[in-house]
Amino acid sequence: MTVLPHEKQVMEMQQTLHKLKEQNQTSSLWSQEELVRMEMKLMELKKNVYSQLKAWDRVAICRHPQRPHSMDYIRNLGEEFVEIFGDRLFQDDRSVITGMIKIDGNKFVVIGQERGKDTESRLYRNFGMMHPEGYRKAMRAMRLAAKFDLPVLSLIDTPGAYPGLSAEERGQGWAIANNLWEMSRLPTPIIVVLIGEGCSGGALGIGI
């Protein structure tokens with residue numbers, strides 16, 4: 001489990017309280033009143049810590065590796081999900097998930113940047129950094145949303161668009177610029193939710 005610097009004191013107190021409760025199950029060394037007092041102290045500590053967060057602490061929380069990712073939201077919110085693959089020009093970009101989804105009986109087109117949760121999945125998802133074909137795939141899904149009069153749900157979580165030579169050779173800047181232009185004219189509502197990191201044109205390309 002990843003513990004951020006401002007969380008260390010809270011985690012240490014939580015672990016201590018957990019151990020004391022486990023010990024009490026075999027031998028009652030601590031009274032219930034003492035445990036309740038410790039829980040109250042823990043609550044007070046949490047209030048103090050989270051009321052005094054610095055700007056960088058807030059950024060670290062947004063970038064926490066154990067935050068829910070796009071696939072978590074899609075699995076837990078969606079009653080039905082049909083994924084759309086590929087941009088029909090080059091290949092499928094696995095750093096972005098697109099498809100039709102039904103949430104609480106309402107139909108949407110969802111676009112979600114996916115970073116992965118372990119080394120294997122992060123490499124598979126390219127750490128959430130989209131290639132030009134990813135932006136074209138997203139726009140393909142948005143055009144379908146416009147065709148069927150469906151709102152677009154865009155889930156943003158990226159350190160930026162992929163900065164490699166291969167992406168530049170395939171027109172990374174043009175792909176993002178084209179999405180900005182097309183999204184500004186899309187005749188259907190766009191709901192943008194920042195679920196983690198939202199940096200650079202990598203976020204803007206699906207976040208108008």
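I number residues from 1 along each chain as its sequence is written. The model is predicted, so I take local features at pLDDT of at least 70 and side-chain atom pairs at pLDDT 80 or more, totals for chains, interfaces and linings use all residues, and side-chain values use heavy atoms, without hydrogens and water.

Helix α4. I looked up the buried residues (under 20% relative accessible area, 1.4 Å probe, protein chains only) of α4, residues 70-77, and found Ser70, Met71, Asp72 and Ile74. Helices here are DSSP runs of H or I with at least four residues, strands are runs of E with at least two, and both are numbered from the N terminus. The buried residues of α4 pack against β1 (80-84), β2 (96-103), β3 (106-113), β4 (152-158) and β5 (190-198).

Gln113. I find Gln113 in strand β3. Gln113 counts as buried because its relative accessibility is 0%. Its side chain reaches the backbone oxygen of Gly202 at 2.8 Å. Leaving aside neighbours within four places in sequence, I list its contacts (heavy atoms within 4.5 Å); among them are Ser70, Met130, Asp157 and Ile206.

Lys107. Lys107 also lies in β3. I note Lys107 as exposed, at 53% relative accessible area, where exposed means over 50%. Leaving aside neighbours within four places in sequence, Lys107 is in contact with Ile101, Lys102, Leu150 and Pro151. From Lys107 to Asp149 I read 9.7 Å, C-alpha to C-alpha, with the two 42 residues apart in sequence.

Key:
A polar contact is a pair of N or O atoms within 3.5 Å; within protein, one must be able to donate a hydrogen and the other to accept it, and residues adjacent in sequence count only if both atoms are side-chain atoms.
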